[in-house]
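Thanks for coming. Please have a look at the model on the screen before I start.

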Amino acid sequence: MTAHRAALRLAFRDAVRAKGRTALVLCMIGLPVAAIVGLGVVWKTMDRSPRESLPYEIGAADARISGASHGRVLRQDPLTGEALMREDPDGDRPWTTEEITRRVTAGHGPDARVLPMSRGTPITLRTSLGDLRADLTELDVRDPLARGILEITDGRAPAAPDEIALAPASAERGELPVGATVRAGREGTAKRVVGYVRDPRSPGDPVVLALPGAFADAPAEPWSRHWLIAVDEPVTWDDVAAFNRDGITVLSRRVALHPPPEAVVGGGLDGPRAEIAAMAAALLLLEVVLLAGPAFAVGIRRQRRLLALVSAAGGEPRQLRAVVLAGGLVLGGAAAAAGALAGITAAAVSTAVARATASAEWGPFEVPWAAAAATVLLGTVSGLAAAYVPARQAARTNTVAVLAGRRAPARAPARHGGPIAGAVLVAAGVLCCLLGVGTLRGFGAAAGAAAIVIGTVLAVPRLVGATGRVAGRLPVPLRLAVRDGARNRARTAPAVAAIMAAAAAATALAIVNAGDLERAWAAFRPQLPMGSAIIRPPLTRTDENRAARVRAAIERELPGLPLLDLHALPGNSCDREIDPDCRHVTFGHDHVRSNPSTHPDIVVGDGPSWARTLFGRNEPVEGLDVYPDIVVGGAAEARMVLGRDDPEVVAALRAGKLVLFDGGPVIHGGTVTATVQKWERGAPKPVTIRQVPGLPAVRVSAETHPWAIMPPSLAERIGMPPRLVAFGVDRAEHRVGETEAMRLAEMLDDIDGDDPGQVYAELGPRRSGDSRVPLLAAVAAVLALGGALIATGLSAADARPDLAVLAAVGARPRTRRLLAAGQAAYIAALGCWLGIAAGFVPGVAASRLLAYGPGYYGRPGSFVDVPWPELLAAGIAVPLLTAVVAGLCTRSKLPGTRAAAR
């Protein structure tokens with residue numbers, strides 16, 4: 001047997017014999033490996049590449065062509081088939097199926113096949129339970145060319161113009177079983193449900209499948225019409241260029257699988273977020289290495305007797321080193337492999353849950369094997385690296401002292417250069433983070449973060465020793481814990497460094513996440529007070545009878561929801577379907593706009609409005625007119641508009657005064673003149689009907705969408721009766737959430753699918769980025785907590801002889817538990833607060849990247865927001881939780897332990 005095989009066998013048997021310590025070591029190394037591999041699998045699965053999208057885009061066809069215009073396509077994206085630049089000498093006339101067929105057969109032979117398809121046309125189906133809005137897809141899925149684009153989950157595909165298939169959601173509610181009849185179009189054409197269809201890319205989307213031409217009264221827009229083609233030879237990039245000259249764009253299977261050099265494969269993170277991910281990856285990889293340190297720092301002292309026996313049997317120092325290194329290889333390799341397997345399994349489960357519960361588009365489950373193998377190799381190498389220093393210590397084992405039961409205090413070797421080198425590295429890292437963002441961008445932040453963490457690691461032993469000199473005023477358990485940790489720096493310092501690395505990553509990513517949320521709030525312009533909502537029936541049909549129907553429907557859908565009737569006068573706008581004369585009220589000439597017959601009345605806003613969009617989905621939309629310009633009412637309406645009780649506004653309304661907000665007309669002498677006007681078709685200016693001077697008015701500084709609130713008495717004086725335009729939900733009485741807003745939107749849709757009105761709930765800003773940064777922050781926080789628990793557990797295992805000494809001199813179990821809890825709290829607190837300090841500057845630097853990236857505005861640093869409450873809570877909660885777990889896990893009766901002589 002060779003020496004290396006013997007060393008590996010000894011290491012394996014020692015790992016099997018010390019099951020508890022082995023489990024902690026496996027967790028210590030395997031936890032970050034599992035996190036990195038799992039995140040890599042999830043990210044790879046979330047990103048659908050153009051190649052992976054081919055079955056859902058073109059089915060089994062050779063290409064999908066689109067002809068929205070006869071204008072020559074100057075440039076198209078090879079991987080998506082979208083026109084990037086087009087000239088338009090022949091107007092916007094789209095291609096027809098006959099023209100496309102002639103063009104394809106002329107270029108690819110008479111045997112070429114053409115299958116028409118259209119997607120995304122919004123339609124409304126009338127059912128016995130109300131109106132159903134969905135996206136219409138016209139495609140004969142029975143044709144082999146369409147295989148993979150849509151899935152028939154139950155029943156069969158439509159085979160006649162009067163047959164349709166619906167989304168599975170309708171089947172789950174039991175509303176429209178197979179065989180049910182629905183009505184479509186203004187003529188109410190009957191359509192029979194013959195099956196259920198699912199879009200594999202967006203399973204939750206409402207879809208209606210029919211044969212091409214089955215909905216003649218809902219013609220597809222030119223941009224939504226496509227044709228699948230099957231030809232004898234693959235459609236090459238030269239063929240695509242020939243189609244482009246005729247105004248046709250092409251998504252070719254051959255080109256997507258073998259793109260030309262000018263193609264740029266998209267997907268993934270944008271620039272700033274990719275660089276932030278690079279910084280997070282650097283910190284997590286560094287964390288893998290540092291978390292392995294406590295495992296082998298403790299393990300070597302548990303192997304002292306084994307190594308002494310090997311030495312007594314004639315083992316040389318190099319053989320002792322080989323035994324310890326073999327332990328690092330065995331445990332590191334096993335932990336890395338187990339962590340990778342756990343990460344892949346967790347990613348598979350999470351993606352399966354996401355596919356089943358979310359309507360977001362996910363790609364096929366994919367494991368980045370190269371990255372996973374590299375992470376496993378890194379975990380194995382980190383085990384070897386962590387065992388290197390203990391292996392050198394093992395080579396100097398005093399065989400006689402160990403076999404005699406004596407042990408020296410576990411002191412870290414005194415190196416005066418360590419703290420100095422650490423300080424230099426920390427200073428260099430800070431400069432790299434702060435100054436390198438403008439040049440190296442995120443990679444400068446990553447390098448700076450690594451330098452700061454490594455520099456702090458070098459200074460940890462000196463910091464641990466310094467804490468022992470200031471422990472005199474602490475309570476007895478904490479005093480003993482701090483002094484014991486300072487005395488045994490060789491076991492304390494690696495545990496502190498491991499926790500520090502995890503906490504630094506969590507801190508940096510928490511600051512980045514907070515800065516990204518701050519950026520979203522900075523760009524957000526609310527139209528309502530946060531938590532309030534507006535329910536507006538269709539303006540073209542708003543009348544008292546319809547309002548009563550809507551109110552009754554709301555009360556049935558959400559019983560107890562407090563509704564406030566909102567009356568208004570037309571301010572700078574009108575709707576000719578409500579008032580053919582288009583009468584409106586202005587105060588002065590500051591707010592007169594152009595003729596609404598040529599310029600539609602749209603008030604742009606940023607807030608998310610839950611309404612049925614053009615594509616029939618419940619989702620946030622922007623740019624909707626939320627509030628009327630002039631609200632008529634009293635204190636309740638003022639509180640609804642302002643989001644608070646304002647005594648000045650309430651007093652003015654009770655006194656019969658007009659309240660004008662910021663942006664309203666100018667007040668002269670405490671009064672304004674109301675002008676009632678109307679628009680005549682084609683006229684450049686409105687025609688004045690009458691003027692009402694001397695209306696008392698006050699101005700209140702407030703940012704609101706309505707620029708005026710008027711008491712009912714003034715509306716009567718002007719001579720225009722206010723109209724009931726909406727129902728409001730005041731946040732002071734009830735805060736509307738996303739689920740309630742969606743239910744209200746569906747309720748309005750059931751009342752009238754053609755014009756469902758609008759539900760606007762002020763839910764706050766939507767994050768422009770994806771969920772990767774918050775996910776990274778959450779994973780880093782979990783790693784910090786897990787690393788703290790495991791590192792303190794390993795340190796406690798090494799300190800068990802000290803607890804045995806306390807028990808031998810008469811210490812009660814309560815005292816031993818307090819000491820164990822104090823040791824855990826000391827190590828975790830020191831590691832957490834060092835990590836918060838080490839991660840602060842990299843987090844600030846990464847947050848500044850968001851100010852440089854596309855879609856981000858403001859000066860650098862304008863979106864830096866440090867989440868102090870969360871950081872303080874983590875700095876307190878993690879040590880407390882670690883102390884509680886350590887105290888509870890300390891046995892009241894310790895097993896027989898031999899307390900070695902010093």
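This is a predicted model: local features need pLDDT of at least 70, side-chain atom pairs count only at pLDDT 80 or more; totals for chains, interfaces and linings use all residues.

Residues are numbered from 1 along each chain as its sequence is written, and side-chain values use heavy atoms, with hydrogens and water left out.

First, the sheet. It is open, has 10 strands with mixed pairing, and its order is β15-β20-β21-β19-β22-β18-β14-β23-β13-β24. Strands are DSSP E runs of at least two residues, helices are H or I runs of at least four, both numbered from the N terminus; pairing takes at least two DSSP bridges. At the edges, β15 (583-587) and β24 (758-761) each pair on one side only. The twist from one strand to the next averages 35 degrees.

Within the sheet, β14 (564-569) and β23 (723-729) run antiparallel, joined by five bridges. Leu566 faces Ala726 of β23 there.

Now the helices. Contact means heavy atoms within 4.5 Å. Angles, from 0 to 180 degrees, are between N-to-C directions of axes fitted to C-alpha atoms, for helices over the stretch in contact. Helix α18 (635-642) touches β13, β14, β18, β22 and β23, at about 90 degrees to β14. Helix α19 (647-654) lies across β19, β21 and β22, at about 145 degrees to β19.

Last, Thr249, in strand β12 (249-252). Is Thr249 buried or exposed? Its relative accessibility is 6%, so Thr249 counts as buried; the cut-off for buried is under 20%, for exposed over 50%, with partly exposed in between, using a 1.4 Å probe and protein chains only. Residues touching Thr249 include Arg64, Val73 and Asn244.

Note on methods. Lists of a residue's contacts leave out its neighbours within four places in sequence.
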